[in-house]
Amino acid sequence: MDWKLSVVFLTAFLFSLDCCFCQTYVLDDTKGLGRVFDGIGGLSGGGATSRLLVNYAEPYRSQILDYLFKPNFGASLHILKVEIGGDAQTTDGTEPSHMHYENDENYFRGYEWWLMKEAKKRNPNITLIGLPWAFPGWVGHGKNWPYDFPDITASYVVNWILGAKQYHDLDIQYVGIWNERNYDAKYIKVLRAMLDKVGLTGVGIIAADGDWSIANSMLIDPNLNESVEVIGAHYPGTITVQNALKTQKQLWSSEDYSTFNDEVGGGCWARILNQNYVNGKMTATISWNLVASYYQELPFGRDGLMTAQEPWSGNYVVDSPIWITAHTTQFTQPGWTYLQTVGHLAQGGSYVALTNGKGSLTVVIETMTHDHSVCIRPPLPHFNVTSQNATFQLKGSFASIKELKVWRSQFNFKTKKPSFFEKLTPLTIKDGSFTLNLAEDEVYTLTTVTTGSKGSYPDPPPSARFPKVYKDDFDVRNPPFSEAPNFADQTGVFEYHVNLTDSGPHVFTLRQALTERPVTWAADADQTISVIGDYQWQNLEVTCDVFMENVKSSGVFIAARVDKGGQSIRSAKGVFFWVFADGTYKVTNDLAGQTVLAEGQSGTRAYGWYNLSLTVKGQYAAGMLNGYPLWKQAVVLTPKNGWAAIGTRSFELAQFDNFAVVAE
């Protein structure tokens with residue numbers, strides 16, 4: 001072969017090889033648009049995931065809220081979904097109901113009202129959603145199921161929506177359906193009718209907050225189909241099903257992410273925010289959870305968009321998912337529309353494009369590799385991503401765009417020096433196109449929107465352990481929240497209480513308020529318990545005044561080294577010092593009370609205050625009643641460490657006062 005011809009062939013080969021990594025993607029609205037974008041959101045609850053946030057002092061609490069909700073600052077969330085508290089363990093704790101009992105209504109319990117108002121204060125246009133994970137026991141009429149009496153359940157939910165407006169001026173736009181595993185079509189239709197009857201025609205129902213299976217029923221049941229506005233799935237793996245698409249309803253990933261918020265977690269979030277639409281035509285994605293504001297040793301520690309788990313120190317961490325969220329939220333709004341021309345990149349990754357229909361364009365590109373974008377669930381099939389050059393051609397109404405603002409995040413896993421949400425030099429558009437050199441594990445936003453910004457505050461205080469000396473006498477006359485600071489209820493509800501008939505030292509107390517087991521999908525313990533403190537505590541003294549309110553069967557405890565919480569609370573171990581209204585005491589190595597370390601007579605009765613003291617040091621524990629030794633030298637081999645706690649024998653009324661811990 002002639003050498004000149006060889007050079008020609010070699011040049012052509014190299015050009016074709018290079019073009020394997022060159023691909024043109026057209027962004028065009030000429031043939032119409034895709035689905036309407038509904039927003040990106042965070043979920044507070046399911047359960048008690050924002051518990052510690054409310055205890056932060058200013059200015060740190062407001063700074064955290066700004067990173068979450070303030071437009072053009074941080075995550076700039078479009079949606080806030082909250083738990084409609086149901087008095088039950090729903091993952092990391094319990095949230096109080098607005099109706100503990102059928103004749104009880106109180107729309108100031110808990111902290112979700114406060115959180116919604118703070119979000120609304122920062123973003124008046126934020127979409128608000130309520131979802132019950134559990135219900136007070138009376139709703140189920142003795143069964144662990146809320147749908148046998150759909151009118152009662154619907155009325156309970158509707159009351160919450162009405163209360164949000166009446167007492168907090170909050171308009172709830174959507175309400176979800178309980179239970180990830182089951183749905184009840186009759187209940188959904190009853191709820192829709194009741195919402196309409198009381199004038200809440202604008203409140204949409206999201207169903208079924210589980211998988212896509214409700215779509216099958218909607219296609220054959222016109223009344224059900226008409227009742228449901230949004231089909232919401234949990235952890236869909238970016239995939240929908242054909243029958244869900246056939247309903248022509250809005251499709252949402254109504255709970256997603258749930259992944260440790262390190263850089264791999266940020267990569268997970270980047271991938272699914274794009275691919276939930278590219279693969280599944282889902283127009284909203286909501287992160288569980290909003291902010292990791294619960295003790296990290298509880299289940300799913302740090303599975304939030306950011307971390308705020310130290311109100312005692314003021315420390316918080318703005319994790320990578322905040323800035324990954326900003327790539328979409330700061331440059332779009334609900335009501336924008338996806339282009340039909342979205343999809344996967346030739347060498348891996350994905351791109352979406354959205355417009356407001358008035359000339360604005362936002363393009364979000366992600367090139368997350370498999371191992372750097374694994375979410376907690378579902379399993380992620382293998383795929384490859386490599387560096388590539390991508391050319392984007394602007395057509396239709398976008399052909400006249402001359403410049404795009406550029407924001408970039410680079411995870412830089414090899415150097416471990418990530419750079420998030422960095423504003424680059426604007427990109428000049430030539431002949432209606434532009435080319436990007438895309439490396440692995442990057443996120444780009446290219447946009448005509450000029451208002452984006454990376455907000456910041458001075459560094460918060462350094463991280464610190466929970467104070468080794470801690471006291472709370474609960475003497476708060478007008479508490480801003482119904483729960484005492486730093487207590488994390490794991491079964492039962494412990495609320496501030498005023499004894500109107502007591503003029504002595506116990507006027508203001510903390511009271512366990514439930515008398516029957518709630519309706520829940522999680523595993524509440526048979527006992528009520530609220531934990532507090534440092535999970536690493538080993539040697540400590542816990543003291544508390546206690547008051548039992550059931551003559552026949554009351555029992556209360558204080559505890560140390562409690563090793564489990566959340567959905568594992570039933571199997572919690574530790575050192576539990578119990579006294580009972582029948583005049584006895586017991587020391588157990590577990591919350592269930594099966595492993596007894598000591599027992600005997602205490603002389604305790606209902607309707608009298610007693611001071612309990614529990615000391616645990618090394619392998620030994622001792623207890624005092626009213627300042628006198630009651631038992632000692634109980635051998636405690638395990639656990640070696642854990643939280644302090646208070647609680648009751650069953651779902652019963654009991655009060656606590658003058659709680660204190662001294663740890664070594």
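Me: Leaving aside its neighbours within four places in sequence, which residues is Thr-328 in contact with?
Reply: In this predicted model, Thr-328 is in contact with Phe-37, Ile-40 and Val-364, once its neighbours within four places in sequence are set aside.

Me: And where is Thr-328 placed?
Reply: Thr-328 belongs to helix 11, which covers residues 320–329.

Me: Is Thr-328 buried or exposed?
Reply: Thr-328 is buried; its relative accessible area is 8%. The cut-off for buried is under 20% relative accessible area, so a residue at 8% qualifies.

Me: Let us step back to the whole chain. How many helices and strands are there?
Reply: The chain contains 11 helices and 38 strands. Its radius of gyration is 28 Å, close to the 26 Å that the globule rule gives for 664 residues, so the chain is as compact as a globular protein of that length.

Me: What box do the C-alpha atoms fill?
Reply: Taken along the principal axes, the box is roughly 105 × 60 × 45 Å.

Me: How much of the chain is buried?
Reply: Of the 664 residues, 60% count as buried. As for the surface, the chain exposes about 25400 Å², and carbon and sulfur atoms supply 52% of that area.

Me: What about contacts between residues at least 6 apart in sequence?
Reply: Among those contacts, 72% join residues at least 24 apart.

Me: Changing topic: what does UniProt list for residues 338–452?
Reply: The unreviewed UniProt entry lists that span as "domain: Glycosyl hydrolase family 59 central". In the model, the span is 0% helix and 46% strand, and its end C-alpha atoms lie 20 Å apart.

Me: Which residues does the "active site" annotation cover?
Reply: According to the unreviewed UniProt entry, the annotation covers Glu-180 and Glu-255. Glu-255 is placed in strand 10, residues 250–257.

Me: Is Glu-255 buried or exposed?
Reply: Glu-255 is buried, with a relative accessible area of 5%.

Me: Now helix 3. How many of its residues are buried?
Reply: Helix 3 spans residues 112–122 and is mostly covered, with eight of its 11 residues buried. The buried residues are Glu-112, Trp-113, Trp-114, Leu-115, Met-116, Glu-118, Ala-119 and Arg-122.

Me: Which residues is Val-158 in contact with, leaving aside its neighbours within four places in sequence?
Reply: Val-158 is in contact with Leu-191, Met-194, Leu-195, Val-198 and Leu-200.

Me: And how far is Val-158 from Asp-563?
Reply: The C-alpha atoms of Val-158 and Asp-563 are separated by 38 Å. Along the chain, the two residues are 405 residues apart.

Me: On to the backbone. Which residues does a cis peptide bond join, with omega of about 10°?
Reply: That cis peptide bond joins Trp-288 and Asn-289. Asn-289 is found in the loop between strand 11 (284–288) and strand 12 (307–310).

Me: And with omega of about -10°?
Reply: A cis peptide bond with that omega joins Thr-638 and Pro-639. Pro-639 sits in the loop between strand 36 (628–635) and strand 37 (643–648).

Me: What is phi of Tyr-235?
Reply: Phi of Tyr-235 is near 50°, a positive value in a residue other than glycine. Tyr-235 lies in the loop between strand 9 (230–234) and helix 9 (242–246), and at 10% relative accessibility Tyr-235 counts as buried.

Me: Is Arg-561 buried or exposed?
Reply: Arg-561 counts as buried, at 3% relative accessibility.

Note on methods:
Residues are numbered from 1 along each chain as its sequence is written. This is a predicted model: local features need pLDDT of at least 70, side-chain atom pairs count only at pLDDT 80 or more; totals for chains, interfaces and linings use all residues. Side-chain values use heavy atoms; hydrogens and water are left out. Helices (H or I, at least four residues) and strands (E, at least two) are DSSP runs, numbered from the N terminus. The radius of gyration is taken over C-alpha atoms; the globule rule is 2.2 Å times the number of residues to the power 0.38. Buried means under 20% relative accessible area, exposed over 50%, partly exposed in between (1.4 Å probe, protein chains only). Contact means heavy atoms within 4.5 Å. Accessible areas come from the Shrake-Rupley method with a 1.4 Å probe; for residues, only the protein chains shown count as cover. UniProt positions are given in the numbering used here, feature names are shortened, and annotations may be inferred rather than shown by experiment.
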